[in-house]
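Thanks for coming. I have one structure to go through, so please look at the screen.

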Amino acid sequence: PRHSTARACTACMQTCSSSMALVLLGATLAIPSRISPVRMQIIPSSGNGKRLLVIGGNGFVGSEVCRNAVKVGYKVTSLSRRGINPDPNDELLCQVSWNAGNALDQSTVDQYVSRSDAVVHAIGLLFDVNSGLAFANNIVSGSKSQPDQDSTYDNITRQSAFNVITAINSRPALPPPLGTPFPLAFVSCAEAGWPDVTFGEQVEEAAPDWLKRYLIAKRAVEAKIQSSTAIRPIVVRPSLIWNWQKYDVLPAILIFNIANALGVPFVDKTVRVETIAQAIVAGISDPKVRGVQRYMDMEALSAQLA
């Protein structure tokens, strides 16, 4: 299974439709602040030679996860459609094992998961082949991937993640409390939490069909991960993911962050790609971290590696 039937966009950059909705609704109710629990200090040896598999490791988020994981001592393997190091001049990325394979093929996923101590699922697709906006992936995708006829939200997000979950559940392991749950980090999106915030359901009701299908796939994975007793889930929910090299999203950053600062409940603060990657590595390293991680949680986790 060396040739993928799906093109997986690893950009994981979330939609700007929520910013349009906030203008229409003009909500001002603030989200209550949350205090993150005290967590252990993550030190450079936290990986301790453990084996980390990054599904979609050559993408925008995945490559940054690989860098930070290598930095703290993980032996990192990337599985992606192309299997190519996105930056051969990067000293940290040159220490990653780059492999081409199809995450939609269960036997391939089984093979790589069986040789891993933790997994990060970092593939996604902002505009699928049925959205009518697939051409825009060349702009918003950090890896410039283009979807093919099989690149639907159900395939790229849900099915690939379900394959990982199936592989983990099939691993021989002692049941809790005798055994230790397997760490699995999944890159979801802030909009997946709309039902939990004021006006979130109304915003989603007005959203376009492609966004609704996008969220259905993300939520299906979140539910599946969190229902498994064999898995310690780390579900990161970023809104817009960016860095200073992605000029196309810089104008939207201001809109999102101002809306969040004003207390618009369905718009989360944006997250830098470095922050989300550090948070993921810190999360899989700390056995006390589990469940949904919003932007404030990611910032707290990231500070342990920064």
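This is a predicted model: local features need pLDDT of at least 70, side-chain atom pairs count only at pLDDT 80 or more; totals for chains, interfaces and linings use all residues.

Residues are numbered from 1 along each chain as its sequence is written, and side-chain values use heavy atoms, with hydrogens and water left out.

Phe199 is in the loop between strand E5 (182-187) and helix H6 (200-205); helices (H or I, at least four residues) and strands (E, at least two) are DSSP runs, numbered from the N terminus. Phe199 is not a glycine, yet has a positive phi of about 70 degrees. Most residues other than glycine have a negative phi.

Next, the core. Which residues have the most contacts inside the largest nonpolar core? They are Leu52, Val65, Ile276 and Ile280, in a core of 37 residues. A nonpolar core here is a set of buried Ala, Val, Leu, Ile, Met, Phe, Trp, Tyr and Cys residues joined through side-chain atoms within 4.5 Å. Helix H9 (273-285) is one of the elements that give two or more residues to this core, and H9 gives the most, with 8 residues. Ile280 touches Val61, Val65, Val120, Ala185, Val187 and Val236, leaving aside residues up to four places away in sequence; contact means heavy atoms within 4.5 Å.

Notes
Buried means under 20% relative accessible area, exposed over 50%, partly exposed in between (1.4 Å probe, protein chains only).
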